[in-house]
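This briefing sets out selected features of one structure, grouped by topic. The sequence and the model are shown first, and the points follow.

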Amino acid sequence: MPNKKSVIGALCMLMTAFCWSLGGIVIKNTGQPALLISCFGALAALLFHLVFYRGKKIVIDKFVILVAVVEVFVRLTFIYANKHTSAGCAVALQYTSILFVIFFEAVQNRALPGWKQFLVVAAASSGILCLFYDGMRNDSILGNMAAVASGLFFGAQFWLNTKEQAEPVSSMTLSYVISSLILIPLLLQNRNPIGVNDMFLMGLNGIVVCGIGGCFFNKGIGHIEAFSANLICMLEIVLAPLWTYLLLDEKLSGLSLCGIAVIVMSVVLNLFLSKKESV
């Protein structure tokens, strides 16, 4: 019988996956460029963040600034990807972050990954190649490249936040501040009128996808093992394209579906291998 804490953790991770999966449909319905969506959403997320984490001390140092800058690029590249490729491809390619974590750890340890990690990298790379080949046929190559870049930054964010000197809440808050400051010149130079619908959707992206999704994640990760948390969060790969299919009739080709399936299996394989090694 699962205990109460593990049930709460699982429910929080389910809500995390749900909130994060809404990003694609919200972004695709917003008629503004990726940078403006990212910065406006960050402002909304910052306001939510300051209320939810009120009273919590914010630490500012070189490491926190580094992680904050990385997180700014995670959001920007992911939003750009959703603008230029399917939601399913964007999410699946962002989860290639595991490949970059393997790379970062290999550099840190000054040792090549083991054969199991090479197997994961090879499998995931074949899935990526499927998506890129399909992208060349339907003009979504730039979106796929941005999604891989988002995976790189997402992997760096995860890897850096495992360090002893990491301050995840401080870094996230500072990343929202940085993006919010960039918003000011963007609004002054923007020639595309921002309607009520765009403002609502950009705010929704900031508050629900980033703010509430992040809070559920931070709450849940403390009550459930990392292995289970990662598996539950991967529901985002299923939910994101489901929403865009139901609401925007966005369909994935057979090759893209195969590529996504291979990437998902690679991520799950890496999770199982990591769990087995830690036992």
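**Briefing on the predicted model**

Ser6 is found in helix H1. The coordinates come from a predicted model. A search of the whole structure finds seven aromatic pairs, one salt bridge and zero disulfides.

**Ser6 and its surroundings**

- Beyond its neighbours within four places in sequence, Ser6 is in contact with His223 and Ile224.

**Salt bridge between Glu250 and Lys28**

- The search for salt bridges returns one in the whole structure.
- In this salt bridge the side chains of Glu250 and Lys28 meet, at 3.2 Å from N to O.
- Lys28 belongs to helix H1 (residues 4-28) and Glu250 to the loop between H11 and H12, so the pair ties together parts that are 222 residues apart in sequence.
- Lys28 is partly exposed, with a relative accessible area of 21%.

**Helix H11 and the residue that follows**

- The 13 residues of H11 should span 18 Å at 1.5 Å a residue, and this agrees with the 17 Å between its end C-alpha atoms.
- The buried residues in H11 include Glu236, Ile237, Leu239, Ala240, Pro241 and Thr244.
- Thr244, which lies in helix H11, counts as buried at 1% relative accessibility.
- Not counting residues up to four places away in sequence, Thr244 touches Gly24, Ile25, Lys28, Ala87, Asp249 and Glu250; Lys28 and Glu250 also form the salt bridge.
- Just after H11, Asp249 takes a positive phi of about 55 degrees.

- Most residues other than glycine have a negative phi.
- Asp249 has a phi near 55 degrees, a positive value in a residue other than glycine.
- Asp249 is found in the loop between H11 and H12 and is partly exposed, with a relative accessible area of 47%.
- Arg110 likewise has a positive phi, near 55 degrees, and is a residue other than glycine.
- Arg110 has its place in the loop between H5 and H6 and counts as exposed at 79% relative accessibility.

**Nonpolar cores**

- In soluble globular proteins, nonpolar side chains tend to be buried together.
- The largest nonpolar core has 43 residues, of which Leu93, Tyr95, Ile128, Ile237 and Val267 touch the most other members.
- The elements that give two or more residues to this core are H3, helix H4 (87-94), helix H5 (97-109), helix H6 (115-137), H7, helix H10 (226-233), helix H11 (236-248) and helix H12 (254-278).
- Leu93 is in contact with Ile128, Leu131, Asn144, Ala147, Val148, Gly151 and Ile263, leaving aside its neighbours within four places in sequence.
- Another core, of 10 residues, lies apart from the largest one, and among its residues are Ile27, Ile37, Phe40 and Met202.

**Aromatic pairs**

- Seven aromatic pairs are found in a search of the whole structure.
- The pair of Phe73 and Phe153 is stacked, because the ring centres are 5.3 Å apart and the planes stand at 20 degrees, under the cut-off of 30 degrees.
- This pair links distant parts of the chain, with Phe73 in helix H3 (residues 62-84) and Phe153 in helix H7 (residues 141-160), 80 residues apart.
- Phe73 is partly exposed at a relative accessible area of 37%, and Phe153 is partly exposed at 23%.
- One aromatic cluster is formed by Phe48, Phe52 and Tyr53.

**Cysteines without disulfides**

- The search of the whole structure finds zero disulfides.
- Cys19 is in no disulfide, and the nearest cysteine sulfur, that of Cys215, is 9.5 Å away.
- Cys19 is buried, with a relative accessible area of 3%.
- Cys39 is also in no disulfide, with the nearest cysteine sulfur, that of Cys210, 12 Å away.
- Cys39 is buried, with a relative accessible area of 2%.

Key: Residues are numbered from 1 along each chain as its sequence is written. This is a predicted model: local features need pLDDT of at least 70, side-chain atom pairs count only at pLDDT 80 or more; totals for chains, interfaces and linings use all residues. Side-chain values use heavy atoms; hydrogens and water are left out. Rings of Phe, Tyr and Trp (its six-membered ring) pair if their centres lie within 6.5 Å; planes under 30 degrees apart count as stacked, over 60 as edge-to-face and the rest as tilted. Helices (H or I, at least four residues) and strands (E, at least two) are DSSP runs, numbered from the N terminus. Buried means under 20% relative accessible area, exposed over 50%, partly exposed in between (1.4 Å probe, protein chains only). A nonpolar core is a set of buried Ala, Val, Leu, Ile, Met, Phe, Trp, Tyr and Cys residues joined through side-chain atoms within 4.5 Å. Contact means heavy atoms within 4.5 Å. A salt bridge is a side-chain nitrogen of Lys or Arg within 4 Å of a carboxyl oxygen of Asp or Glu. A disulfide is a pair of cysteine sulfur atoms within 2.5 Å. The expected span of a helix is 1.5 Å times one less than its number of residues.
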